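Open the model in your viewer and keep the selection panel at hand. This tour goes from stop to stop, saying what to select and what is there.

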Amino acid sequence: MWRDAVLVAAKDLRIEVRAKVALNQVVPYALVVLLLFGFAFDQDRPLLEQAAPGLFWMAVLFAGLLSVQRSFSVEASDGAIDGLRMSGLEPAGIFLGKAAAVAVQLVGLEVLLTLGIVVLFHTRLAGAGLMLATALISTACVAAAGVAYGALSMGLRVRETLLPMLLAPVLAPVVLAATQAWRAALGLSGGDGWRWLGLLGCFAAIYLAGGTIGFGALIEET
Amino acid sequence: MSPPRTPAEVSPPRIPATVLPARSTPLTRGLGLSALVTLGLTTWWGLWVSPPDVTQGQFVRMLYVHPAVATMCYAAFALCALGSLGWLWPRLRSPRWDRLAVAGAEVGAVFCLATLVTGSIWGRATWGVWWTWDARLTLTAILFALSLGYLALRRAIDNPHSRSMVSSMVAMLMVLTVVVDHYATQWWVTLHQNTTLFKPSPTIHGWQLVTMGMSFVAFGLLTAWLMVHRYRLEGLEERYDNEGLNAALAARRSEVAPAGSGGLRPAPGPQPVAPAPSRQGALSGPGAREVATR
């Protein structure tokens, strides 16, 4: 399973390196979203500082939706998914590989978005350990749930609109918990950020376990 | 080459009327009437008989709607989960479970919206705002969005087996939200109060207790009535789809029936009915391949 996951992740990342869709489209889109949040808050600096964690994770959610759609549009064209299905790779390995590829892209994006909130919203970074752990676990949540729902909606005519509708409510608790953990790490709230991190860990475990178990049935049915 | 079969030879197996009655039965009519009577009693007692509350005044009358509606929302989603679990369990798999799941999801979505609306009205009266970022409130809104996604997903998948399988998996995730939602008042600090009724010594008494109990009975009966009819409707839709396909097959075969006499002419005798518009497309499904090859 792990070997299959590495193969699939390497394949997806190789496609992205060659096509540069994430670099040329997803990253600029996420940065534009940050800029637009600045306009929405009327460049109110104290308010932007307070809201920066939430805006950061909303931008990650929007960009994550694009990454997941991209991950499965590659498979939908020319019946590539049929080749993947008949290749003898374990479905769990395919799921973990695709989730890992999406997660790697999102981690790269989060580094750039962190620079974005430092420059645009004047965020002073603090609590590096909690911030980093939150980012990694939240990214695992977004990638795992995204890949599971991406597979579910892959064969549908209305996948472009259905995927955000299905995925956004599912990831809403992740955005909430990640925002609260970052607010605690940055000293913007008095809450215990590590408790939110524990909640994120539960979500990640559920999404990863559910995806690993159900992915085979999902790609067979869609 | 085998001779073409006549429409009479390919007529679809009829589903017995006793299995899926096309009209309501005395039992469902009784259920609906009971729901109507108890809803009337709840309205009467809630608006005229029950006294105002010491602290909440007249606004306490929302107590006779909102908790019962919210509980029925959970109950309907629980039935959706049960139906989905029944479908996912290979030894139990049957269309009945899928019908139960879709009935639970639709009725649950309606009651979820009603919960949000009545809660918002009550919140405006007691907290002074239509909406607040309370844990239970937010989770209920997320649950409503999830249920809309579930129903949209069902409409997007044409193949009945795939539709049942995929939507059953999504429903299992909805259940997780229902459980978290139910315990939100205990796990997080929220504006919602804890259990009022279902504990050894309820915190309300007299007509308030009686009326609140009646509201649960009334909305419970209403939920049961809606569930029964939605379940029956789903079965009828399945039957309509299947018979629409079979009518299309019969119509196509009747066109080629007089093949030896040259040209396509209508078959003698009564004409088959026009194919019914099908959710899965008139020429998809198990019989489509046979038509395509003829």
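Select A:Lys98 and A:Glu75. They form a salt bridge, with the closest N and O atoms 2.7 Å apart. A salt bridge here is a side-chain nitrogen of Lys or Arg within 4 Å of a carboxyl oxygen of Asp or Glu. This pair links distant parts of the chain: A:Lys98 sits in helix H5 of chain A and A:Glu75 in helix H3 (residues 45–76) of chain A, 23 residues apart. Helices (H or I, at least four residues) and strands (E, at least two) are DSSP runs, numbered from the N terminus. Buried or exposed? Both A:Lys98 and A:Glu75 are buried. Buried means under 20% relative accessible area, exposed over 50%, and partly exposed in between (1.4 Å probe, protein chains only).

A word on the model before moving on. It is predicted: local features need pLDDT of at least 70, side-chain atom pairs count only at pLDDT 80 or more, and totals for chains, interfaces and linings use all residues. Residues are numbered from 1 along each chain as its sequence is written, chains are lettered from A and ligands numbered from 1 in the order in which they are written, and side-chain values use heavy atoms, leaving out hydrogens and water.

Next, select A:Lys11 and A:Asp12. Their side chains meet in a salt bridge (2.8 Å, N to O). A:Lys11 is partly exposed at 23% relative accessibility. A:Asp12 is buried at 7%.

Now go to chain B and pick B:Arg230 and B:Glu106. Their side chains meet in a salt bridge, 2.7 Å from N to O. Here too the pair links distant parts of the chain: B:Arg230 is in helix H7 (residues 206–256) of chain B, B:Glu106 in helix H3 (residues 95–126) of chain B, and 124 residues separate them. B:Arg230 is buried, with a relative accessible area of 13%. B:Glu106 is partly exposed at 28%. Over all chains, the structure holds 12 salt bridges.

How many disulfides does the structure hold? Zero, over all chains. A disulfide is a pair of cysteine sulfur atoms within 2.5 Å. Select B:Cys73 to check: the nearest cysteine sulfur, that of B:Cys112, is 4.0 Å away. B:Cys73 is buried, with a relative accessible area of 1%. B:Cys112 is buried as well, at 0%.

Back to chain A, for the surface. Select A:Val32, A:Leu35, A:Leu36, A:Phe39, A:Val118, A:Val119, A:Leu120 and A:Leu125. Together they make a nonpolar surface patch of about 710 Å². Patches are made of residues with over 30% relative accessible area and no salt bridge; like charges are joined within 9 Å, nonpolar side chains (Val, Leu, Ile, Met, Phe, Trp, Tyr) within 5 Å. Accessible areas come from the Shrake-Rupley method with a 1.4 Å probe; for residues, only the protein chains shown count as cover. Helix H2 (21–40) and helix H5 (91–121) of chain A each give two or more residues to the patch. H2(A) gives the most, with four residues. Zoom in on A:Val119, in helix H5 of chain A. A:Val119 is exposed, with a relative accessible area of 58%.

Chain B averages 76, and 71% of the residues score at least 70. Among its elements, helix H2 (residues 66–88) has the highest mean pLDDT (92) and helix H8 (residues 288–293) the lowest (40).

How values were computed. pLDDT is the predictor's confidence in each residue, from 0 to 100.
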